[in-house]
Every structure is written in C-alpha cells, then in structure tokens.
Amino acid sequence: MKEGLLTDRQKEVLRYRKSGLTQQQIADLIQTSKANICTIEKSAMENIKRARETLDFFYSLDARHLCTIEKGSDLFDAAKKIYDEAEKVGIKVRYDNIQLMNRIREEIPEKNKSRLVREKFEVYLKDDGDLYFE
C-alpha cells in the first residue's frame with residue numbers, strides 16, 4: 001500500500017539500506033533480484049527529491065531571496081555571508097553559526113561535503129529569521 005510518495009516496498013528497501021545492508025543482501029532477504037532492488041531504491045530517491053523540491057518551493061513562497069552561495073565556498077564563509085546579507089535587510093537570522101552550518105549540511109547534503117560547498121545554492125529568508133535553501 002502506498003502512503004505518501006513511497007510505496008511499502010520502497011520504504012522497506014530504504015530501511016534495510018539505512019541499516020547498512022547491501023542491495024544484494026536485501027535482494028536475498030526479500031527474494032528478488034539486485035537489479036530490482038536498485039530500481040526500487042532509485043525510484044524512492046527520485047520521489048524523495050521531488051518531495052524536497054516541492055517543500056522548498058512551498059516554504060520559499062513567503063520568503064525573500066537573500067543570496068547565492070557559490071560552489072567552492074567554505075561553510076564558515078557562507079554563514080558569514082548569510083548573516084551579513086540578513087543584516088542589510090534588517091532581519092536577524094534565528095540560528096547561531098553552528099546551527100546554521102548544521103542546517104545547511106542536513107537540508108541540502110548533496111550540495112556540500114564537510115565544510116566545502118560542492119554545488120552552489122540559493123538562500124531564502126523569512127521575516128521571522130528562518131532560512132530555506134534551494
């Protein structure tokens with residue numbers, strides 16, 4: 001049965017993958033092929049990506065574009081740029097430096113690695129100081 005954007009099988013495969021099992025181990029467990037597990041996992045990740053993009057759009061509706069963080073930036077420098085740009089528009093960011101960097105790492109993990117920005121991203125600021133990344 002499908003709840004939300006993931007089927008039960010997709011959820012099952014993702015749970016197994018999260019627990020550290022390989023695609024072949026999962027295939028053996030649920031008696032299917034590794035290729036099928038690969039397809040199921042890929043579809044699940046595409047659904048998750050679409051959901052994230054939809055939520056990003058929704059949350060940014062009442063937010064203003066603040067700045068662009070360029071590829072190759074250090075997250076410490078990115079955080080400083082975000083604070084500086086927010087100060088220019090008179091809004092206090094609701095996160096301290098560590099919280100801000102952790103939010104970036106958690107919300108757009110595919111666009112950063114450790115302290116390095118691997119792919120440029122946009123920063124949106126709401127009037128209450130909350131931030132969204134795209």
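The model is predicted, so local features need pLDDT of at least 70 and side-chain atom pairs count only at pLDDT 80 or more, while totals for chains, interfaces and linings use all residues. Residues are numbered from 1 along each chain as its sequence is written, and side-chain values use heavy atoms, with hydrogens and water left out.

A search of the whole structure finds 12 salt bridges. The term stands for a side-chain nitrogen of Lys or Arg within 4 Å of a carboxyl oxygen of Asp or Glu. One of them joins Glu12 and Arg9, with the closest N and O atoms 3.2 Å apart. Both residues belong to helix α1 (residues 8-18), where they are three residues apart, about one turn of the helix. Helices and strands are DSSP runs, numbered from the N terminus: a helix is a run of H or I of at least four residues, a strand a run of E of at least two. Glu12 is partly exposed at 24% relative accessible area, and Arg9 is partly exposed at 37%. Here buried means under 20% relative accessible area, exposed means over 50%, and partly exposed lies in between (1.4 Å probe, protein chains only).

Lys88 is exposed, at 63% relative accessibility.

The pair Arg64 and Asp127 forms a salt bridge with its closest N and O atoms 2.9 Å apart. Arg64 lies in strand β1 and Asp127 in the loop between β4 (121-125) and β5 (131-133), so this pair ties together parts that are 63 residues apart in sequence. Arg64 is partly exposed at 35%, whereas Asp127 is exposed at 58%. Elsewhere, Arg103, Glu107 and Asp130 are linked in a network of salt bridges.

Next comes the surface. Leu55, Phe57, Phe58, Tyr59 and Leu61 make a nonpolar surface patch of about 530 Å². Patches consist of residues with over 30% relative accessible area and no salt bridge; like charges are joined within 9 Å, and nonpolar side chains (Val, Leu, Ile, Met, Phe, Trp, Tyr) within 5 Å. Leu61 sits in the loop between α3 (34-60) and β1 (64-69), and its relative accessible area of 55% makes it exposed.

The largest pocket has a volume of about 250 Å³. On a 1 Å grid over the protein atoms alone, a pocket is an open set of points where a 1.4 Å probe fits, with protein on both sides within 12 Å along at least five of seven lines; lining residues have an atom within 4 Å of a point. Among the residues lining the largest pocket are Met45, Lys49, Arg52 and Glu134. By class, the lining has three nonpolar, no polar and seven charged residues.

Some single residues remain. Phe121, in strand β4, is buried with a relative accessible area of 0%. Gln31 has a positive phi of about 55° although it is not a glycine. Gln31 is placed in the loop between α2 (23-30) and α3 and is exposed at 74%. Ser114, not a glycine either, has a positive phi of about 55°. Ser114 lies in the loop between β2 (112-113) and β3 (116-117) and is exposed at 55%.

Notes:
Accessible areas come from the Shrake-Rupley method with a 1.4 Å probe; for residues, only the protein chains shown count as cover. Grid points are joined across faces, edges and corners, and a volume is the space filled by probe spheres set on the points. Ala, Val, Leu, Ile, Met, Phe, Trp, Tyr, Cys and Pro count as nonpolar, Asp, Glu, Lys and Arg as charged, and the others, Gly among them, as polar.
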